[in-house]
Amino acid sequence: KKKRNNMSFREPEYRQQIFEQVKELVSGGNFTQIKTDFDGVEAFTDESHDVTLVKASGVINSSADALFDAVWSQTEESKKQEDESLIEDSIVEQLDEYAMVKYQSYKCPFPITNRDFLFLRFRVDEDSTIYHIDISCEHDEKPERRSFVRGKIVIAAYIYETIDESSCKATYITQVDPCGSIPKFFVNRNVEKVPARINDFKRLVA
């Protein structure tokens with residue numbers, strides 16, 4: 001497979017490779033269903049990897065295109081209303097209409113050091129499904145900062161599958177390594193955020 005060098009996120013071939021990996025993760029995996037607090041949302045974990053893979057899905061009363069637009073264009077302020085731990089959400093470089101390098105940082109409870117993430121975000125369309133994919137990358141404009149531990153998004157994706165003109169199935173799959181030393185309670189709390197995000201979609205398109 002192609003080596004992932006620092007600039008490879010600019011290449012369409014690299015994005016295609018990541019897209020194929022996402023499809024494999026969604027359709028395969030050793031998933032075990034876990035309990036959620038949200039009606040109509042199913043959640044699963046796959047502990048067979050070094051970093052736990054979490055997946056959640058639910059039917060949303062919105063077209064796939066409308067839901068994608070709402071999530072893709074969601075403002076920093078709106079995200080902070082859903083997640084109080086978010087400090088910053090910004091675009092580092094816009095590569096094209098549906099590809100960008102993004103930076104996010106998060107507050108962590110004492111004594112855990114705050115985390116930040118630098119990642120490529122891009123869109124892929126296949127048949128009647130939209131894929132919104134995130135994966136960690138490097139960029140000269142956002143070197144690691146002393147006051148944060150730089151986490152790693154191994155892979156993350158929102159997948160919007162058309163059911164009909166006014167509804168779609170939304171799936172969120174994520175494999176994020178917070179890096180450093182993290183207590184179990186904090187890891188569990190981040191697992192719970194995955195089905196919560198699917199539930200948030202209902203409000204986004206209400």
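## A residue in helix α2

Not counting residues up to four places away in sequence, A70 touches L204 and V205, where a contact means heavy atoms within 4.5 Å. A70 lies in helix α2, which covers residues 64-72. The C-alpha atoms of A70 and L204 are separated by 6.5 Å, although the two residues are 134 apart along the chain. A70 counts as buried because its relative accessibility is 19%. The classes used here are buried (under 20% relative accessible area), exposed (over 50%) and partly exposed (in between), with a 1.4 Å probe and protein chains only.

## Source and confidence

This is a predicted model, in which local features need pLDDT of at least 70 and side-chain atom pairs count only at pLDDT 80 or more, while totals for chains, interfaces and linings use all residues. Residues are numbered from 1 along each chain as its sequence is written, and side-chain values use heavy atoms, with hydrogens and water left out.

The pLDDT is the predictor's confidence in each residue, from 0 to 100. The protein averages 91, and 95% of the residues score at least 70. Over residues 1-7 the pLDDT is below 50, and this stretch has 11 contacts in the model beyond near neighbours in sequence. Where pLDDT is low, the predicted coordinates should not be read in detail. Among the elements, confidence is lowest in helix α4 (residues 184-204), with a mean of 84, and highest in strand β7 (residues 129-136), at 98.

## Overall build

The protein has four helices and 10 strands. Both are DSSP runs numbered from the N terminus: helices are H or I with at least four residues, and strands are E with at least two. From the N terminus on, the order is α-β-β-β-α-α-β-β-β-β-β-β-β-α.

The C-alpha trace spans about 50 × 40 × 35 Å along its principal axes. Buried residues make up 48% of the 206 residues. Of the contacts between residues at least 6 apart in sequence, 57% join residues at least 24 apart.

## Charges

There are 28 positive and 37 negative side chains, and the centres of the two sets lie 5 Å apart. Lys and Arg count as positive and Asp and Glu as negative, while His and the chain ends are not counted. Each charge is placed at NZ of Lys, CZ of Arg, CG of Asp or CD of Glu.

## Backbone details in the loops

Most residues other than glycine have a negative phi, and most peptide bonds are trans. A cis peptide bond joins F110 and P111, with omega about 10 degrees. P111 is found in the loop between β5 (99-106) and β6 (115-126).

D127 has a positive phi, near 55 degrees, and its place is in the loop between β6 and β7. D127 is exposed because its relative accessible area is 79%. C179 also has a positive phi, near 60 degrees. C179 sits in the loop between β10 (167-177) and α4, and is partly exposed, with a relative accessible area of 22%.

## A residue in strand β7

D134 lies in strand β7. With a relative accessible area of 7%, D134 is buried. Not counting residues up to four places away in sequence, D134 touches F119, L120, R121, I153, I155 and A156. The C-alpha atoms of D134 and V41, 93 residues apart along the chain, are separated by 22 Å.
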